[in-house]
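Subject: Structure handover

Hello,

Here is the structure you were expecting. My notes on it follow below.

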Amino acid sequence: SSADLSNADLSNASLYNTNLRNADLSGADLSGADLSYADMSGADLSNTDLSGVIWYYTICPDFTTSDNNGNTCVNNL
């Protein structure tokens, strides 16, 4: 199952170890959110505000991990 979180305000949210596989996060505000250990494989992050996000061992939408991408998923959406 995939969550529809499009346009959601998740700014500064603690999403530590959250399963966001295939979630629709398009247009969402994730600024300052903690995505440590989150699984975002297959998630749609188009037009999502990712400023200040904490990426730590996060599984990126392209199935790579943030720790192998310079501690970010911004280039692996």
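Y16, Y37, Y56 and Y57 form one aromatic cluster. Rings of Phe, Tyr and Trp (its six-membered ring) pair if their centres lie within 6.5 Å, with planes under 30 degrees apart counted as stacked, over 60 as edge-to-face and the rest as tilted.

This is a predicted model, in which local features need pLDDT of at least 70 and side-chain atom pairs count only at pLDDT 80 or more, while totals for chains, interfaces and linings use all residues. Residues are numbered from 1 along each chain as its sequence is written, and side-chain values use heavy atoms, leaving out hydrogens and water.

The whole structure contains 4 aromatic pairs. One of them joins Y16 and Y37 edge-to-face, at 5.4 Å centre to centre and 65° between the planes. Y56 and Y57 also pair edge-to-face, at 4.7 Å and 85°.

On accessibility, buried means under 20% relative accessible area, exposed over 50%, and partly exposed in between (1.4 Å probe, protein chains only). Y16 is partly exposed at 48%, and Y37 is partly exposed at 38%. Y56 is partly exposed at 41%, as is Y57 at 40%.

Now the core. A nonpolar core is a set of buried Ala, Val, Leu, Ile, Met, Phe, Trp, Tyr and Cys residues joined through side-chain atoms within 4.5 Å. The largest one has 20 residues, of which L15, L25, L30, L35 and M40 touch the most other members. Leaving aside residues up to four places away in sequence, L35 is in contact (heavy atoms within 4.5 Å) with L15, L20, M40, V53, I54, W55, Y56 and T58.

Regards
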